[in-house]
Amino acid sequence: MSQFEIDWSRLYAARNSVTRQFPTIWGIPVVKKEMSRLAVHARDGAKVLDVGAGDRRFEGKMREVCPTLQYRSFDIDRSRQHDYYAIDDIEGQYDLIFAFEVIEHMTPGEGLRMVANLREHLAPGGTLLLGTPNLYHPHRYFGDLTHVTPYKYEELGALLVL
């Protein structure tokens, strides 16, 4: 990915907005199982994009809830079957786009670029879900040497409200 320009003042304002809404991590509604968030979006004909899809495990879980949804996957790992292997190759609009434990493997600029790109593929009224390891539980983040950028909840939230 090429360098993506960061508007630091907008990022700072967005971070402060999230901090005002959730002054401490204890006020954030924690989701322990991703499917609890995904299942509410599984409906007939829904278009879903799984970013960092890995083994595509969410495809089967979502089809159990709604067999008629349209699932697409994106991952840079070419050893597995995916619909897209480069973010610039993604096509179409999606009702739900989710990326769990992906963004921390990127530089801040790459992460911002990914979020901007995914927003372009979000259908009107669609939902973008991002998840990252909990920094307040250090071995969840530091247990993987491929992690590049730690995201506190204020940072991750800021990317979504920019």
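Are phenylalanine 98 and phenylalanine 100 buried or exposed?

Mentor: Both phenylalanine 98 and phenylalanine 100 are buried, where buried means under 20% relative accessible area, exposed over 50% and partly exposed in between, with a 1.4 Å probe and protein chains only. This is a predicted model, in which local features need pLDDT of at least 70, side-chain atom pairs count only at pLDDT 80 or more, and totals for chains, interfaces and linings use all residues. Residues are numbered from 1 along each chain as its sequence is written, and side-chain values use heavy atoms, with hydrogens and water left out.

The structure holds three aromatic pairs; rings of Phe, Tyr and Trp (its six-membered ring) pair if their centres lie within 6.5 Å, and planes under 30 degrees apart count as stacked, over 60 as edge-to-face and the rest as tilted. Phenylalanine 58 and phenylalanine 100 form an edge-to-face pair, because their ring centres are 5.8 Å apart and their planes stand at 70°. This pair links distant parts of the chain, with phenylalanine 58 in helix α3 (residues 57-65) and phenylalanine 100 in strand β3, 42 residues apart. Helices (H or I, at least four residues) and strands (E, at least two) are DSSP runs, numbered from the N terminus. Phenylalanine 58 is buried at a relative accessible area of 5%, and phenylalanine 100 counts as buried at 16%. The rings of phenylalanine 98 and phenylalanine 100 have centres 5.3 Å apart and planes at 35°, so that pair is tilted.

Next, the strand and its neighbours. β3 runs parallel to β4, and six bridges join them; two strands pair if DSSP finds at least two bridges between them. Alanine 99 stands opposite leucine 130 in β4.

Then the core. The largest nonpolar core has 25 residues, and Leu49, Val51, Ile90, Met114 and Leu118 have the most contacts inside it. Such a core is a set of buried Ala, Val, Leu, Ile, Met, Phe, Trp, Tyr and Cys residues joined through side-chain atoms within 4.5 Å. The elements giving two or more residues to this core include β3 (94-100), α4 (108-120) and β4 (122-131), and α4 gives the most, with four residues.
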